[in-house]
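This briefing walks through a single protein chain, topic by topic. Please keep the sequence and the three-dimensional view open while reading.

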Amino acid sequence: MKKRSFAARIRYGIDRMMSKGPIAMSLLLFFVTASIVGIIGIIAYFVSDDGGMLLQIWNSLLYTLDAGNLATVSTDNLAYLILMFLATLCGLFLTSVLIGVITTGVEGKLSDLRKGFSVVQEEDHTVIIGFDNHIYALLRELIEANSNHKKACIVVLGDMPKEEMEDAIASHIPNTKTTRIICRSGKPHHNYALERCSVETSRSVIVNIQDDAETVKALLALAAYVKGKELRNPQLRFVASLQKYDYMEVAKIAGEGRAELIFAQDAIARIISNTCRQHGLSQVLTELFNFGGNELYFESVPELAGKTFHEAILSFSNAVPVALCTNGQIRLNPSMDTVIGETDQLVLLEEDDGAYRVRSGKSVDSTHICQKDGVAAMATDSLVVLGSNAKLPIVLTEYAKYVKPGTPVIVVDDDLTMEKLGTYANLEITICKEAITRDLLNRFMAEHANNILLLNDDSLEFEKSDSQTLLRLILLRDVADRTGRRFSITTEMQNVDNKRLAVQARVDDFVIGTDFVCLLMAQVSENPKIVSLFKDLLDETGSELYMKPAADYVTLGQPVNSYTLAESAARKGEIYVGYRHIDQDAAKVVVNPNKEEKITFKAGDQIVVVSEH
C-alpha cells in the first residue's frame, strides 16, 4: 500500500476544512493570518532594538491590516523593512481573501433567506401544500375568512423558487388585507419542508395537489411528521380533494384519522345536477360555500336555550338558523318542535361569525301567509346536454333522483353511445350524434325545452376546454338574440378567471369546478365540522335547498317582510333562506335578507328554502 505524503495529508485537511463552509474558511484564514503576524513580530523583535516583543507583534499586525503604514518604516534597518514588507504583502493577500470569503458567506445566507429556507415562526396559521393555478382561489377565500382577524397568516409550500411564488401571488392578489402570505420552497413529502412550514403549530393543512397519487403521498408524509410531536391544535386536520374515487380509501388510511377528503367529481356533479334543475341555485350555493357575503357558522346562543327551533327561526333579525348541533351531531332542518338544549349550537347563516342579533317581539303578518301544504319541487322540463365528460353519468344519476318519471334528456355528442352512457331511472335519454354547431343549436332551441347543461371537454387542457365552452356560449347567446327566446344555461368551466368572460354570454348559472372545490376546501379547513352539513345539503336524502314559487307561501302583490316568509315556511316544516326576484327578465337572488325589509312578490318569483322535498 502506497504511503501518502505529508503534503497530500495537509491538502486533504485543508479541503475538509474548506468544505465546511464560509465560517470554517474564515477561521482558517484568521488562524493563518494570526500565525504570520506572530512569527513576523517575533523575528522583528530580534532584528530591531525598538520596543519589546508585544510591541513588534502589534506593529506587525498594523502593517498587515494597512499597507500605508509601510511608508513610515525607516530604511536604516533593511532586515526590519523586509519583514514589514512581507507582513504587508501577506495582509494584502490574506485580508482580501478573508473579506471575499465573508462577503460570499453573507450573500449566501441572504440568498438562503430569499429562497425560504428558514423555519416559519408562526402559530395558528393555515398551511397550503402545493402551488398551481388553484392556489389563488384558495388564498382569496382564506383571506376573506381572515378579514376579521388582525394578524392572520397563510404559509404556502411549493416546489418553485420562493421569489417566483411571491411574484405570482402578488400579481393575482395585490391586496391581502389583514393576512400575511409566506412562501416556502421544498418537496411536500420531505420532513425538512414540513418543518419549515411549522405544520405542528398550524391550525389546518390544505393539500392542493391535483395528482391523486401525490396527494396520498403528501398525506402519508404529514401523518408521519406530526406523529409524536406536540401539536398546538390537537385536532389538526388535513384537507384534500381527490379526482378518482378509487383513491378515497387509501387516502383515509394515509391520513391516519386526520384527513378530511372531498371527492371533487362527485361534489361538482351534485352541484351541477342541483343547479341545472333549479335556476339560480348556483348563486345560493356560492353564497353558502364562500367567505364573501353570508356563510355558515356554529354559534352558541344561550338565550335561546329551552326554546323550540321554530321560535329560534323567528329570533334573529340578520341570521338564519339552518341546523342544530347536539353533542357533535348535526341535524339539518330539525323538527320545528325540537327544544334547544343549553349546550347545543345553532348553525347560522350570517355575514360573519358572531354577527347575529337576537330580537324580541313578533313582526309576522299572518293575513298574508298562504295555507297551501308544502309540495315537492320536481323538475318537469326536458334537459339538453351539450357535450359530455366523465362527470355526466354522476350528473344524470343525481338528476334522476329529483325528476318525474319519463323526463326527457337529450345528450348532444358525436362520440357517445348508449352503451357508454347507460340507462337511468326516471330519464328518457336520447343521444344526438352530431357536432355542436350553429345550425344544430338553432334547430334544438326551436324544438326543445329551454333547460341547457353545457359540459366541458375534460380531454383537453384547461384553457382550451374553457375556450371551447366560451365559443359555444357565444353561439347560444346569438341564438337567443335571433329567436327572442330566453333559456337557462348551467355550464362548467375549469379556470375561475374565465368567469368574467362567461358573464358576457349572459349565462344564468355557473358551475366552475375548480372554484367550488376550492371553496369547499377552504370552508372545511376553517371548520371541519361543516363537512357533514355540506354533504346533507348536496345529498338527495333528508333536507336540501329548493327554490319554490313565492305564491305557495305569501300573497302576491302585497308587501311582506321576511319574518312572515320565515313563519310561512316553518309551518310547512321548512327554513326560509332567501328569495329569487325576477325584474325585467333579470333574476336576482338574495340570501339572508334583512327581515324587516318588505318585498312585493309577483308571479315567477321564488322562495329559497331548506326542505325535505
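On the surface, Ile-39, Ile-42, Ile-43, Tyr-45, Phe-46, Val-47 and Met-53 form a nonpolar patch with about 610 Å² of accessible area together. The model is a predicted one, in which local features need pLDDT of at least 70 and side-chain atom pairs count only at pLDDT 80 or more, while totals for chains, interfaces and linings use all residues. Residues are numbered from 1 along each chain as its sequence is written, and side-chain values use heavy atoms, with hydrogens and water left out.

**Nonpolar patch**

- Patches are built from residues with over 30% relative accessible area and no salt bridge, joining nonpolar side chains (Val, Leu, Ile, Met, Phe, Trp, Tyr) within 5 Å and like charges within 9 Å; the accessible areas come from the Shrake-Rupley method with a 1.4 Å probe, and for residues only the protein chains shown count as cover.
- Helix H2 (residues 22-47) gives the most to the nonpolar patch, with six residues; helices (H or I, at least four residues) and strands (E, at least two) are DSSP runs, numbered from the N terminus.
- Ile-42 lies in helix H2 and, with a relative accessible area of 36%, is partly exposed, a class that falls between buried (under 20% relative accessible area) and exposed (over 50%), using a 1.4 Å probe and protein chains only.

**Salt bridges**

- A salt bridge is counted where a side-chain nitrogen of Lys or Arg is within 4 Å of a carboxyl oxygen of Asp or Glu, and by this rule the count comes to 17 salt bridges.
- Glu-398 forms a salt bridge with Arg-270, with the closest N and O atoms 3.4 Å apart; because Glu-398 lies in helix H13 (residues 392-400) and Arg-270 in helix H10 (residues 264-275), the pair ties together parts that are 128 residues apart in sequence.
- Asp-539 also forms a salt bridge with Arg-270, the closest N and O atoms being 4.0 Å apart, and this pair links the loop between helix H19 (530-538) and strand S17 (544-549) to helix H10, 269 residues apart.
- Lys-401 and Glu-398 meet through their side chains in a salt bridge of 3.1 Å, N to O.
- Relative accessibility is 4% for Glu-398, which counts as buried, and 16% for Arg-270, also buried, whereas Asp-539 at 23% and Lys-401 at 38% are partly exposed.
- Asp-266, Arg-270, Glu-398, Lys-401 and Asp-539 are linked in a network of salt bridges.

**Parallel sheet and its helices**

- Six strands form an open sheet in the order S3-S2-S1-S4-S5-S6, with parallel pairing, where two strands pair if DSSP finds at least two bridges between them.
- Strand S3 (179-185) and strand S6 (259-263) stand at the edges, each with a single partner strand, so one side of each is left without a neighbour in the sheet.
- Strand S1 (residues 126-129) and strand S4 (residues 204-207) pair in the parallel sense over four bridges, with Thr-126 standing opposite Ser-204 in S4.
- Helix H8 (residues 212-226) packs on the sheet, touching S1, S4, strand S5 (237-242) and S6, and its direction makes about 170° with that of S5; contact means heavy atoms within 4.5 Å, and angles run from 0 to 180 degrees between N-to-C directions of axes fitted to C-alpha atoms, for helices over the stretch in contact.
- Helix H9 (residues 248-255) packs on the sheet too, touching S5 and S6, and its direction makes about 165° with that of S6.
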